[in-house]
Amino acid sequence: MRDAFHEQLQHLTDRMVEMANLVEVAVREGTGALLEADARRAERVIAADAQIDRLQSLVEERTFEQLALQQPVASDLRALVAALRMVADLERMGDLAEHVAKIARMRYPECAIPAELHDTIAEMGSVAERMVHKVAETVRSSDVTQAVDLVAEDDQMDRLRRSLFHIVLDKDWSHGVEAAIDIALLGRYYERIADHAVSMARRVIYLVTGDVPVRSS
């Protein structure tokens, strides 16, 4: 019975890693669609979100089955509850990547990103993609060191978002209100992807060590 339960836990972990891999692709492709004003690429990201949603539903269904059938306690219960929360984080990250793609589609055939912000948005996309990749590896391996590194990496995303606001709020901003709103939203989307990755890393740390990581200021 215990072996079967742990096989199910491994199955849940595998599906979460699969979700994270799909989210990583969505972030990369959504950013590419945004920077290159590529409507077809944006449409692929938007359509692919359904697969992430299906995996979330599958993991939730299997998790609730284990909660009902096994009545787990202690570390096993923590693992199942963490799985429910982490798939919610992954689903939300997928939605955020989809939102990025929708801005690209909405502004097509124009590029939504002014030239002076191209590098900053590209870097935000790269940081978000890297964090999602790391969270997949962290969930797969339960590597606490990697999880701690991922938590620290969120600072870079925060700095990038602040730099966006400095440019948009500068008196020399010449791209109008509509572009400013797009940039503000995009900054928020990328920041929230990073926040969800950090949330997942913290859950892994808690599952492995039993300690709740102290949040950085």
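User: What should I know about the numbering and the model before I start?
Analyst: Residues are numbered from 1 along each chain as its sequence is written, and side-chain values use heavy atoms, with hydrogens and water left out. The model is predicted, so local features need pLDDT of at least 70 and side-chain atom pairs count only at pLDDT 80 or more, while totals for chains, interfaces and linings use all residues.

User: How many salt bridges are found in the whole structure?
Analyst: A salt bridge is a side-chain nitrogen of Lys or Arg within 4 Å of a carboxyl oxygen of Asp or Glu. The whole structure has 17 salt bridges. One of them joins the side chains of Arg203 and Asp89, at 3.9 Å from N to O. This pair links distant parts of the chain, 114 residues apart: Arg203 is in helix 6 (residues 176–209) and Asp89 is in helix 3 (residues 74–107). Arg203 is partly exposed because its relative accessible area is 24%, whereas Asp89, at 7%, is buried.

User: Which residue forms a salt bridge with Arg188?
Analyst: The partner of Arg188 is Glu191, with the closest N and O atoms 2.9 Å apart. Both residues lie in helix 6, three residues apart, about one turn of the helix. Arg188 is partly exposed at 37%, and Glu191 counts as buried at 11%.

User: Which residue forms a salt bridge with Asp195?
Analyst: Asp195 pairs with Arg192, the closest N and O atoms being 3.0 Å apart. These two also lie in helix 6, three residues apart, about one turn of the helix. Asp195 has 22% relative accessibility and counts as partly exposed; Arg192, at 26%, counts as partly exposed. Elsewhere, salt bridges that share partners join Glu29, Glu36 and Arg41 into one network.

User: Which residues does Ala197 touch?
Analyst: Contact means heavy atoms within 4.5 Å. Leaving aside residues up to four places away in sequence, Ala197 touches Met93, Met131, Val135 and Leu150. Ala197 lies in helix 6 and is buried, with a relative accessible area of 0%. The C-alpha atoms of Ala197 and Val151 are 8.1 Å apart, while the two residues are 46 apart in sequence.

User: At what angle do the axes of helix 3 and helix 6 cross?
Analyst: Two packed helices are described by the angle between their axes and the distance between the axes. Axes are lines fitted to C-alpha atoms, for helices over the stretch in contact, and angles run from 0 to 180 degrees between N-to-C directions. The axes of helix 3 and helix 6 come within 10 Å and cross at roughly 160°. Helix 3 is therefore roughly antiparallel to helix 6. Angles under 35 degrees count as roughly parallel, over 145 as roughly antiparallel, 65 to 115 as roughly perpendicular and the rest as oblique.

Terms used:
Helices (H or I, at least four residues) and strands (E, at least two) are DSSP runs, numbered from the N terminus. Buried means under 20% relative accessible area, exposed over 50%, partly exposed in between (1.4 Å probe, protein chains only).
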